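Hi,

Here is the structure I promised to pass on. Have a look at it first, and then read my notes below.

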Amino acid sequence: MTDRLRVCAVDELDPGTSMTVAGTSPAIALHRTEGGDFFATADSCSHEEWSLGEEGDLEGDELVCPLHMARFDLRSGKPLCLPATLALATYHVVVEGGEVFVAAT
Ligand code: FES
């Protein structure tokens, strides 16, 4: 069985925004696209240490790090442009009963 962590209620994270999941180590970021889909990735940008949960921008299904403008695919965590060359870890998200949970995969 995989441990899962309750992050928040669905309506606590606005579409088009991200948050850092409290109490995770390494830190996990939860993202909700404008379309309402939830994704979870490593919180720290893979280029340098920068919180994507606190500072990342969402554009469709892409996550943009505003520090040096690296882009990542939210589904795979793969970098889409330089300066990032390493993928972000991704985590399985479950939405159940109006609550959002993240599980390590
Ligand atoms: S720290 Fe994210 S692109 Fe440089």
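**What I found**

Strand β6 (residues 62-64) is joined to β7 by 3 bridges, and the two run antiparallel. One thing to keep in mind throughout: this is a predicted model. Within that pairing, V64 has R71 in β7 as its bridge partner. Both strands belong to an open sheet of 3 strands, ordered β5-β6-β7 with antiparallel pairing. The edges of the sheet are β5 (57-59) and β7 (71-73), each of which pairs on one side only. On average, neighbouring strands here are turned by 30° against each other, if you ignore direction. As a reminder, strands of a sheet pair through backbone hydrogen bonds, either parallel or antiparallel.

**The chain as a whole**

There are 9 strands and 1 helix in the chain. Starting at the N terminus, the order of elements is β-β-β-β-α-β-β-β-β-β. The radius of gyration is 13 Å, close to the 13 Å that the globule rule gives for 105 residues, so the chain is as compact as a globular protein of that length. Along the principal axes, the C-alpha atoms fill a box of roughly 40 × 30 × 20 Å. Of the 105 residues, 39% are buried. If you take the contacts with a separation of 6 or more, 37% of them are between residues 24 or more positions apart.

**β3 and its two partners**

I28 turns up in both pairings: it is the bridge partner of V21, and its own partner in β4 is A42.

**Two loop residues**

What does the side chain of T24 reach? T24 sits in the loop between β2 (17-21) and β3 (28-32), and its side chain reaches the backbone oxygen of V21 at 2.8 Å. The T24 side chain also reaches the backbone nitrogen of I28, at 3.0 Å. T24 counts as buried because its relative accessibility is 16%, below the 20% cut-off.

S51 is in the loop between β4 (38-42) and α1 (52-55). A polar atom of the S51 side chain lies 3.1 Å from the backbone nitrogen of E54. Beyond its neighbours within four places in sequence, S51 is in contact with T20, D43 and G56.

**Cysteines**

How many disulfides are there? A search of the whole structure finds 0. For C81, the closest cysteine sulfur is in C45, 9.8 Å away, which is too far for a bond. C81 is partly exposed, with a relative accessible area of 27%, whereas C65 is buried at 2%.

Cheers

Methods. Residues numbered from 1 in each chain as written. Predicted model: local features only at pLDDT ≥ 70, side-chain atom pairs only at ≥ 80, totals over all residues. Heavy atoms only, no water. Helix = DSSP H or I, 4+ residues; strand = E, 2+ residues; numbered from the N terminus. Polar contact = N/O pair within 3.5 Å; in protein donor to acceptor, adjacent residues only side chain to side chain. Contact = heavy atoms within 4.5 Å. Buried < 20%, exposed > 50% of the residue type's maximum accessible area, 1.4 Å probe, protein only. Disulfide = S-S within 2.5 Å. Pairing = 2+ DSSP bridges. Axes fitted to C-alpha atoms, helices over the stretch in contact; angles between N-to-C directions. Rg over C-alpha atoms; globule rule 2.2 N^0.38 Å.
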